[in-house]
Amino acid sequence: MSLIDKISPKGREKILRINWWSHDGRWFYYTGQEVGFEVANKLNMLVNKSIGKAEMKRLLAALNIDEARAAEYFFEIIETVSDFYAKDVFEIVGLTKEDDNTWIYRIKNAPCYEGTKKAGILDLYQCACYKRAEGWAEACGLKADVYIRKSLVNGDDECEVVFSIKKDK
Ligand SMILES: [Zn+2]
């Protein structure tokens, strides 16, 4: 038995998840320090959308869900993707259906908010959680406008990401 086997698979997952997100904060911080936060924010938006797409595709492949089914079950899949990749790190409230074409994904607490506040760069940080959600939607082939309505970073009590489903004309 190796030393690492003393930690349960769930415990190991948790450490990897926390490390991964702390890397996320660190690259943002040092990029900002080195080349300015305007560039860091721009890159963070691109990275979030791109990783959102990639992480969703990996999950769908592992679950054997094709794109057509993914779009159909998108809002069920979101619970899984956010639970798997973000739990222990973010406080996710979950999804609320506002009307037939509108879903709201809510986050109560986020390391991007806590971390940038602690580092004294909160006023330089732009909330990018909706970009990740946009990547998820795109990977599932869901046609939706994804945008942020409330943001922890702007002083709101939570982040609210809106999925506004585009209707085929
Ligand atoms: Zn946010």
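Me: In this structure, does V153 count as buried or exposed, and why?
Reply: Before we look, keep in mind that this is a predicted model. A residue is called buried when 20 or more other C-beta atoms lie within 10 Å of its own. V153 has 20 C-beta neighbours inside 10 Å, and therefore V153 counts as buried.

Me: Where is the place of V153 in the chain, and which residues does V153 touch?
Reply: V153 sits in the loop between strand 3 and strand 4. Not counting residues up to four places away in sequence, V153 touches Y113, L122, Y125 and C127. There is also E114, which stands 39 residues apart from V153 along the chain, and the C-alpha atoms of these two residues are separated by 9.1 Å.

Me: Which residues have the most contacts inside the largest nonpolar core?
Reply: The largest nonpolar core has 33 residues, and those with the most contacts inside it are C129, A137 and C140. Two or more residues come from each of helix 4 (74-86), strand 2 (102-109), helix 5 (111-118), helix 6 (129-139), strand 3 (144-150) and strand 4 (159-165). Helix 6, with six residues, gives the most to this core. As for C140, if we leave aside its neighbours within four places in sequence, C140 is in contact with M56, E67, A70, A71, F74 and I77.

Me: How should I read the packing of two helices, and at what angle do helix 1 and helix 2 pack?
Reply: Two packed helices are described by the angle between their axes and by the distance between those axes. Here helix 1 (residues 9-35) and helix 2 (residues 37-63) pack at an angle of about 140 degrees, and their axes are 7 Å apart. The crossing of helix 1 and helix 2 is right-handed. On the side of helix 1 the meeting residues are F28, T31, G32 and V35, while helix 2 brings F37, V39, A40, L43 and N44. Sorted by class, this contact has six nonpolar, three polar and no charged residues.

Me: How many helices and strands does the whole protein chain have?
Reply: The secondary structure comes to six helices and four strands, and, read along the sequence, the protein chain follows the pattern α-α-α-α-β-β-α-α-β-β. The radius of gyration of the protein chain is 17 Å, close to the 15 Å that the globule rule gives for 169 residues, so the chain is as compact as a globular protein of that length. Buried residues make up 28% of the 169 residues.

Conventions:
Residues numbered from 1 in each chain as written. Predicted model: local features only at pLDDT ≥ 70, side-chain atom pairs only at ≥ 80, totals over all residues. Axes fitted to C-alpha atoms, helices over the stretch in contact; angles between N-to-C directions. Left-handed = near helix turned anticlockwise from the far one by under 90°. Contact = placed C-beta atoms within 7 Å. Nonpolar A, V, L, I, M, F, W, Y, C, P; charged D, E, K, R; others polar. Core = buried A, V, L, I, M, F, W, Y, C linked by C-beta atoms within 7 Å. Buried ≥ 20, exposed ≤ 12 C-beta atoms within 10 Å, placed from the backbone. Rg over C-alpha atoms; globule rule 2.2 N^0.38 Å.
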